[in-house]
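Take a walk through this fold with the structure open beside you.

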Amino acid sequence: MADHTELTADDATDWVSAHADQILQHLTELVAIPSIAFPGYDRTVLDTCAEAVKALMTRAGFDEVEILSEPLDPKQPDGDRGGPAVLAHRAPAPGAPTILLYAHHDVQPTGDLALWDTDPFTATRIGDRLYGRGAADDKAGIMVHVAAVTALNELLGTDHGLGITVLIEGEEEVASPTFRAFLDRHRDKLAADVVVVADSANWAEGVPAITSSLRGVVDGTIHVKILDHAVHSGLFGGVVLDAATVLSKVIATLHDEHGDVAIPGLHGIPGQAQVDYPEEDLRAQAGIVDSVRLAGTGSIAERLWHKPALSILGTDLPELNHASNTIIPQARAKFSLRIGPGVNPDEAMQRVREHVEALDIFGAEITLEPGEKGSPFSTDLDSATTQLMLSCLRDAFGTDPVATGLGGSIPLTGDLAEVFPEATILITGVEDPNTRAHSANESLYLPDFYRCITAEILLLARLLNRARS
């Protein structure tokens, strides 16, 4: 392992400034690839994006770069496969640590194109923001890693000795169905002392954050059956409730009068938020209608980051334009349940099943079909590596970072913590409250994007220096 002078924040900042145009160009090229992993979309586009990421990794100095995927059904190894992942690796010098850098190249569907002000797959700069699907979530995360590794090689020399593995997943937006199998199969290549998951958000424009906790997720489908077939609403209405009405009664039992989740056993470890979340900020960021009262009890941060939250994502009911004058015999609703740290997702799924299937609503058949699940996550803010990351963010942004929870879920984080229990997992990201990830007009705040690159360059260099000391 070569002995090099310690990098300063100015060194890293100057490098990023000199390479900003090139970094932005590579990000623009990635945004142009509509890499949607959802069923019904062209799978070959995901492969194209994986090849583009592989080329970036090769350009960043990795000799060992692979595109890998796992079968969706382990019993059918020749069947359909999960999204292609890009895995790049360089071994550490003796005594040096290894860092695993994670991001994902798949993106959300665009939704209604009429809601976009720009072409979602043409990266468009307006002021300090870059608009486009994936511009922030999470192709910017890819470029943070690519730029940081490239900078380390150029500033310290390719013989710096730090072990670096980069994993760019291709199915995160569809809940990473094969990620655990991928981890188990490639455990030796992915083993690391430190893991950086670049898929989260900063507190505000210009204010960096490290994500100290994530809620887990459990989803599934509630089925209601009333009749074997549809019947005339005039001939039989009055003695049989339609499935839509019964389903609505089922849904109404999921929350209490305050808007808290009414299913017992879903509350985990109480959180201790380090920041206040003003209601006016929440309303502005979420676009909440003025007359709508907030649901739930406790502080806003606690409700968003630690307490359970249950949402109905969609229903199977006849469209209005195709509604016949019949009693609907069956109906379905897909739910998503977010669970806080300390709650086991398997137990949470069982709790929802028990609640739903114990209901007696005019004797209707009510069943639950389990879906995907992911574990919650929390980190030790006092660990030396977490404190090192906070110092890098402070030096890159010029202001103190904050530790925040995140109401969303990154299911793979729980898998990483289980497979590599000795590794320190750091959750960072380039998003901010105005990013609108998953929504129309997703955007990236470029000044913070470049600062995040600076922070990661400093982290890589300081991990090396710590190993030498």
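Arginine 133 and glutamate 442 join their side chains in a salt bridge, at 2.8 Å from N to O. The model is a predicted one. Look at where the two partners sit. Arginine 133 belongs to the loop between β5 and α3, and glutamate 442 to the loop between β17 and β18, so the bridge ties together parts that are 309 residues apart in sequence. Both arginine 133 and glutamate 442 are buried.

A second pair also reaches across the chain. Aspartate 415 and arginine 180 meet through their side chains in a salt bridge of 3.5 Å, N to O. Aspartate 415 is in helix α12 (residues 411-419) and arginine 180 in helix α4 (residues 179-185), so that distant parts of the chain, 235 residues apart, are linked. How accessible is aspartate 415: buried, partly exposed or exposed? Its relative accessible area is 19%. The cut-off for buried is under 20%, so aspartate 415 counts as buried. Arginine 180, at 27% relative accessibility, is partly exposed.

Now take a local pair. Arginine 353 makes a salt bridge with glutamate 357, and the closest N and O atoms are 3.5 Å apart. Why are these two separated by about one helical turn? Because they are four residues apart in helix α10 (residues 345-357). Arginine 353 is partly exposed, at a relative accessible area of 24%. Glutamate 357 is partly exposed as well, at 36%. Elsewhere, salt bridges with shared partners connect Arg180, Asp184, Arg187, Asp415 and Glu418 into one network. The structure holds 20 salt bridges. Side chains of opposite charge can pair when their charged atoms come close.

Return to the loops for the backbone. Aspartate 138 is found in the loop between β5 (129-131) and α3 (139-156). The peptide bond leading from aspartate 137 to aspartate 138 is cis, and its omega is near 5°.

The loop between β17 (424-428) and β18 (443-445) carries histidine 438. Phi of histidine 438 is positive, near 75°, in a residue other than glycine. Asparagine 441 lies in the loop between β17 and β18. Phi of asparagine 441 is near 65°, again a positive value in a residue other than glycine. Are these residues buried or exposed? Histidine 438 is partly exposed, at 44% relative accessibility. Asparagine 441 is buried, at 7%.

Next, look for empty space. Rolling a probe the size of a water molecule over the atoms shows where it is left. The second largest pocket holds about 400 Å³. Which elements give two or more residues to the lining of this pocket? They are α8 (279-286), α9 (300-305) and β11 (309-316). The lining has 19 residues, and Ala295, Gly296, Arg303, Leu304 and Ala309 lie nearest the centre of the pocket. By class, 11 lining residues are nonpolar, four are polar and four are charged.

Finish on the surface. Leu235, Phe236 and Val239 make a nonpolar patch of about 350 Å². Valine 239 is in the loop between α6 (233-236) and α7 (243-252). The relative accessible area of valine 239 is 70%. Exposed means over 50%, so valine 239 counts as exposed.

Methods. Residues numbered from 1 in each chain as written. Predicted model: local features only at pLDDT ≥ 70, side-chain atom pairs only at ≥ 80, totals over all residues. Heavy atoms only, no water. Patch = residues over 30% accessible without salt bridge, like charges linked within 9 Å, V, L, I, M, F, W, Y side chains within 5 Å. Areas by Shrake-Rupley, 256 points an atom, 1.4 Å probe, with all protein chains shown as cover. Salt bridge = Lys/Arg side-chain N within 4 Å of Asp/Glu carboxyl O. Buried < 20%, exposed > 50% of the residue type's maximum accessible area, 1.4 Å probe, protein only. 1 Å grid on protein atoms, 1.4 Å probe; cavity = no way out; pocket = protein on both sides within 12 Å on 5 of 7 lines; lining within 4 Å. Points joined across faces, edges and corners; volume = space filled by probe spheres on them. Nonpolar A, V, L, I, M, F, W, Y, C, P; charged D, E, K, R; others polar.
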